[in-house]
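The sequence and structure are shown first.

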Amino acid sequence: MKVFGISGSPRLQGTHFAVNYALEYLKEKGVEVRYFSVSRKTINFCIHCDYCVKKKEGCIYKDDMEEVYENLIWADGVIIGTPVYQGNITGQLKTLMDRCRAIVAKNPKVLRGKVGMGIAIGGDRNGGQEIALRTIHDFFIINEMIPVGGGSFGANLGATFWSKDRGKKGIEEDEEGLRVLRKTLNRFYEVLKNKKGLQ
């Protein structure tokens, strides 16, 4: 099983730590993992030029999204993490999602059936984490992926953290957030196994 983790944060702090925690957790179960952070990357805005639709050979821009495309195609499962900005995902992550139109235009089935889960981190306890998770799940649904939450009684839509605006340290100290992340990861892992026909 192969899982690609994406951090939608421009900083290498809480979201960076949480996504890598998730990847290490899965790695211990024998999953092959890769990681991408938007931090210090060049990701141009989608300008809806329709180059990808007309040419069917990818995006008109040749920037750091090339690495994202390669890894999305490679992966069986995708984990997307974001800090909450203004009650939703970051602008960098939204741009990354918009640019995925290029690989779907090239091959409409490229993401179909892949398993996805989200991680959202807020500086406030109720900072928009669930709204951010819904946006991530919408991306999965639009691209015919299988969104996985943590299930009833404690995780619901997926992993949420309250960082108290303390970056990595805030995540490390959020025991409830880490518990919910592990709960969501266990469900994600089970769905991946079932998809791959593994026992």
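## Cavity

One cavity of 30 Å³ or more turns up in a search of the whole structure. A cavity here is a set of points on a 1 Å grid over the protein atoms alone where a 1.4 Å probe fits but cannot get out, and lining residues have an atom within 4 Å of a point. The largest cavity has a volume of about 110 Å³, a volume being the space filled by probe spheres set on the points, with grid points joined across faces, edges and corners. Its lining has 14 residues, of which C46, I47, C49, C52 and C59 are the closest to the centre. The elements giving two or more residues to this lining are α2 (51–55), α4 (91–99) and α5 (101–106); helices (H or I, at least four residues) and strands (E, at least two) are DSSP runs numbered from the N terminus.

The model is predicted: local features need pLDDT of at least 70 and side-chain atom pairs count only at pLDDT 80 or more, while totals for chains, interfaces and linings use all residues. Residues are numbered from 1 along each chain as its sequence is written, and side-chain values use heavy atoms, with hydrogens and water left out.

## Pocket

The largest pocket has a volume of about 470 Å³. A pocket is an open set of points with protein on both sides within 12 Å along at least five of seven lines. It is lined by 24 residues, and R125, T160, F161, W162 and D174 lie nearest its centre. Two or more lining residues come from each of α6 (129–142), β6 (159–162), α7 (167–173) and α8 (175–196).

G167 is in helix α7. This glycine is buried at 7% relative accessibility, where buried means under 20% relative accessible area, exposed over 50% and partly exposed in between (1.4 Å probe, protein chains only).

Helix α1 has 14 residues and reaches 20 Å from its first C-alpha to its last, close to the 20 Å expected at 1.5 Å a residue. The expected span is 1.5 Å times one less than the number of residues. Among the buried residues of α1 are F17, A18, V19, A22 and L23, whereas Y21 is partly exposed with a relative accessible area of 25%.

Rings of Phe, Tyr and Trp (its six-membered ring) pair if their centres lie within 6.5 Å; planes under 30 degrees apart count as stacked, over 60 as edge-to-face and the rest as tilted. By this rule there are two aromatic pairs. The rings of F17 and Y21 have centres 6.1 Å apart and planes at 50°, so this pair is tilted. Both residues lie in α1 (residues 14–27), four residues apart, about one turn of the helix.

A charge sits over a ring if NZ of Lys or CZ of Arg is within 6 Å of the ring centre and within 35 degrees of the ring normal. The charged end of K29 sits over the ring of Y189, 5.1 Å from its centre. The charged end of K41 sits over the ring of F36, 4.8 Å from its centre.

## Loop between β5 and β6

Most residues other than glycine have a negative phi. F153, in the loop between β5 (146–147) and β6, has a positive phi of about 65°. F153 is exposed, with a relative accessible area of 80%. N156 is in the loop between β5 and β6, with a positive phi near 55°, and is partly exposed at 43% relative accessibility.
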